Amino acid sequence: MNLPSSFSLVKHQKLGCGAVNERSRHLVSTMAEPTNTPMPASTPVPASTPRSSSPLQQYSIPSLTPNATTATIPLWPSTTSSPDTATRKPQRPIVLHIGDPIKYNPDTYAEFNAAFEIIRPPTPERERNELIRALKEKRWGHFSAIFRPFWGTGGEMGRWDAELIDLLPSSVKVFASAGAGFDWADTKLLGERGIIYCNSGLAAAEAVADFAVAMIISTFRHLPWCMNAATFPYLTSSSDARSTFRECHARATAASHNPRGHTLGLIGFGNIGQQIAAKMGNPAFGMKIAYYDVERKPAAVESELRATFYEKLEGLMKVSDCVVLCTPASADGRPIITAETLGYLRPGTRFVNIARGSLVDEEALADALDSGVVGAAALDVHMDEPSVNERLVRMVTGLGFDDRGQHPGRVMLTCHNAGGTVETHVGFEELSMRNILRVVRDGGEAVTPVNLHWLREKKGV
């Protein structure tokens, strides 16, 4: 498959909720890459799906089309309890499905089910110790692919590191997962083992970019302050509701600005960054677009998005009125936003993170907010999810001005929600299946590989 250029993905992506079922088969050609990612493996997940004990399990698929009937599709039965799985020769390649059954793409799943023998271990067998035991026993035979269609389930085993990867059979060709982030898997080691890792980054970019737009607006218009002043006094006895309302109404104006004409600095300019640029740089918002990336984008992309490239992060930080972090996690796990890099900002600059919590030194950010170097911030992802930095929380919930004259509600905090829409999940399912079909059934190239350079290096290409 030849995907369109990055900007074509940005410009042509349109997916209405009422048409999801009808158009899900075509989603691959219209999606763009996000930076939102799976929650940590420790995040609580829904109740496990029981082991299949009947020849054919039925699963109800909720229709996304208003007033439509519910579709029901067959799921290939789990064979985890079969003693001969490891020794018999399957008639079709085996796919190890980790996580919940698919929900949104019955047509693609029918194609997927026809091409592969699908084994879906129940939750207890996906816990790390039991998974290790199963891989050592070759309980599921010589499977060809690992399929994780959701980010809320399928991560019970924790990080895919050497302890797990070294136990995979040599037959594995591809690991296709929901989400865009892949720091939960050692993609370098997978590549060295000849296993292509595919994310579903193309599926969530519009959702993440839309969320980023809301957060950018929040930093310019101080929405937490305005919302808290209108509601919190009625929920607490800490202040007079009318006076709090009047103070915000009178004083928020002096701190608020229109985004138009201000410079939006994007750290990372993949499909997610380009979507944000297309939305905020268009005539509706009229922002100036600047970006920093390890790889400069083609001149045609820069021209189409009217984006200015900065070779160094310092240069971008110095010219930006609002900085948005939309880049993958650092390979070494170190933050990009530190006391040093925040020092490049002009006083009052705004900051948004819809990428990875590990990319931000949150104490340094809190210091910058206290000092006024950062005027307002919005974070959808956090260093220690599901916990949130308490200093930042206090900057969300205050009602009065502090002793430094800083206004309340300078920070918006959300719960890793940016990519979380129904359309995103439709795409996660579709794209994960398409990657496996392309590689295993068709012998072709993966749609969204992220570690091909490690495969090429191993092969000496």
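Trp184 and Tyr197 are both buried. They belong to a predicted model, and their rings form an edge-to-face aromatic pair, with 6.4 Å from centre to centre and 75 degrees between the planes. Trp184 lies in the loop between strand S6 (174-177) and helix H7 (187-192), while Tyr197 lies in strand S7 (residues 196-198). The two residues are 13 residues apart, and the pair links distant parts of the chain.

A second pair is made by Phe269 and Tyr291, whose rings are stacked. Phe269 sits in the loop between strand S8 (263-267) and helix H11 (271-280), and Tyr291 sits in strand S9 (residues 288-292), so this pair ties together parts that are 22 residues apart in sequence. Phe269 is buried, with a relative accessible area of 0%. Tyr291 also counts as buried, because its relative accessibility is 0%.

The table sets out the geometry of these two pairs.

| Aromatic pair | Centre to centre | Angle between planes | Arrangement |
|---|---|---|---|
| Trp184 and Tyr197 | 6.4 Å | 75 degrees | edge-to-face |
| Phe269 and Tyr291 | 4.1 Å | 15 degrees | stacked |

In total, the structure holds eleven aromatic pairs. Ring pairs also build a cluster, which consists of Trp160, Phe175, Phe182, Trp184 and Tyr197.

The charged end of Arg350 sits over the ring of Phe220, 4.0 Å from the ring centre. Lys103 lies over the face of Phe150, and here the distance to the ring centre is 5.4 Å.

### The overall fold

The protein contains 18 helices and 14 strands. It has 461 residues, of which 53% count as buried. Among contacts with a separation of 6 or more, 75% are between residues 24 or more positions apart.

### The five-stranded sheet

Five of the strands form an open sheet with parallel pairing, in the order S4-S3-S5-S6-S7. Strand S4 (117-119) and S7 are the edge strands; each has a single partner strand, so one side of each is left without a neighbour in the sheet. On average, neighbouring strands of this sheet are turned by 20 degrees against each other, direction ignored.

The pairing can be followed strand by strand. Strand S3 (residues 94-97) pairs with S4 in the parallel sense over three bridges. Within this pairing, Leu96 has Ile119 of S4 as its bridge partner, and Val95 has Ile118 of S4. S3 is also joined to S5 by three bridges, and these two strands run parallel. In S5, Ala145 stands opposite Val95. One of the facing positions here is Ile146, which stands opposite Phe175 in S6. Phe175 is also one of the residues in the ring cluster described above.

Which residues cover the two faces of S3? Ile94 and Leu96 are on one side, Val95 and His97 are on the other, and all are buried.

### Helix H17

Helix H17 packs on the sheet and touches S3, strand S5 (145-148), S6 and S7. The direction of H17 makes about 170 degrees with that of S5. How many of the 20 residues of H17 are buried? The count is 18, so H17 is largely enclosed by the rest of the structure.

The length of H17 can be checked against its residue count. H17 covers residues 422-441, and at 1.5 Å a residue its 20 residues should span 28 Å. The end C-alpha atoms are 28 Å apart, which agrees. H17 is followed by Gly443, whose phi is positive, near 65 degrees.

### An exposed lysine

Buried or exposed: which word applies to Lys312? Lys312 counts as exposed, because its relative accessibility is 62%. This residue lies in the loop between strand S10 (307-309) and helix H13 (313-319). Lys312 and Tyr292 are 20 residues apart in sequence, and their C-alpha atoms are 6.7 Å apart in space.

Terms used. Residues numbered from 1 in each chain as written. Predicted model: local features only at pLDDT ≥ 70, side-chain atom pairs only at ≥ 80, totals over all residues. Heavy atoms only, no water. Helix = DSSP H or I, 4+ residues; strand = E, 2+ residues; numbered from the N terminus. Expected span 1.5 Å × (residues − 1). Buried < 20%, exposed > 50% of the residue type's maximum accessible area, 1.4 Å probe, protein only. Phe/Tyr/Trp six-rings, centres within 6.5 Å; stacked < 30°, edge-to-face > 60°. Lys NZ or Arg CZ within 6 Å of the ring centre and 35° of its normal. Pairing = 2+ DSSP bridges. Axes fitted to C-alpha atoms, helices over the stretch in contact; angles between N-to-C directions. Contact = heavy atoms within 4.5 Å.
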